[in-house]
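Hi everyone, thanks for coming. I'd like to walk you through one protein chain today, so please have a look at the picture as it comes up.

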Amino acid sequence: MAKAQELAGDRLVEVTAGDVGGQVLAAGLVDEVRMDVVPVVFGFGKRFFGSVDAQHLLEDPDVVIRGNRVLHLRYRVRR
């Protein structure tokens with residue numbers, strides 16, 4: 001993350017979900033979570049943030065955009 005922030009300068013650093021996203025979330029380096037929800041249930045898969053040991057609360061969504069069969073959500077991470 002330090003290298004990514006150095007290279008980004010004043011720009012945003014975005015991290016994908018999964019184990020890396022979970023590690024960055026657990027380290028307290030995530031300010032915002034964005035999710036796109038589609039009407040498909042797979043019945044299996046990986047956790048969105050991998051194996052996160054602690055609870056991380058999100059604020060109510062501050063952006064909700066309804067698209068064609070997709071819902072775009074943006075949450076601030078509660079500190």
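Let's start with the largest nonpolar core, which is made up of six residues: Val24, Leu25, Val30, Val33, Phe49 and Val77. By nonpolar core I mean a set of buried Ala, Val, Leu, Ile, Met, Phe, Trp, Tyr and Cys residues joined through side-chain atoms within 4.5 Å. Buried stands for under 20% relative accessible area, exposed for over 50%, and partly exposed for anything in between, using a 1.4 Å probe and protein chains only.

Before I go on, a word on where this comes from: it is a predicted model, where local features need pLDDT of at least 70 and side-chain atom pairs count only at pLDDT 80 or more, while totals for chains, interfaces and linings use all residues. Residues are numbered from 1 along each chain as its sequence is written, and side-chain values use heavy atoms, with hydrogens and water left out.

Which residues does Val30 touch, leaving aside its neighbours within four places in sequence? They are Val24, Leu25, Val77 and Arg79, where contact means heavy atoms within 4.5 Å.

Now look at Phe49 again, a member of that core. Rings of Phe, Tyr and Trp (its six-membered ring) count as a pair if their centres lie within 6.5 Å; planes under 30 degrees apart are stacked, over 60 edge-to-face, and the rest tilted. By this rule there is one aromatic pair. Phe48 and Phe49 form it, edge-to-face, with 4.9 Å from centre to centre and 85° between the planes. Phe48 counts as partly exposed because its relative accessibility is 42%.

Next, the overall layout. From the N terminus on, the elements run α-α-β-β-β, that is, two helices and three strands. These are DSSP runs numbered from the N terminus: helices are H or I with at least four residues, strands are E with at least two.

Two strands pair, by the way, if DSSP finds at least two bridges between them.

Let's take the pairings in turn. S1 (residues 32-37) and S3 (residues 70-76) run antiparallel and are joined by six bridges; Val37, for instance, has Leu71 in S3 as its bridge partner. S2 (residues 63-67) is joined to S3 by five bridges, again antiparallel, and here Ile65 stands opposite His72 in S3.

Between S2 and S3 there is a hairpin with two residues between the strands, and Arg69 takes a positive phi near 65° there. That is a positive value in a residue other than glycine. Is Arg69 buried or exposed? It is exposed, because its relative accessible area is 60%.

Finally, the chain as a whole. The C-alpha trace spans about 40 × 25 × 25 Å along its principal axes. Of the 79 residues, 18% count as buried.
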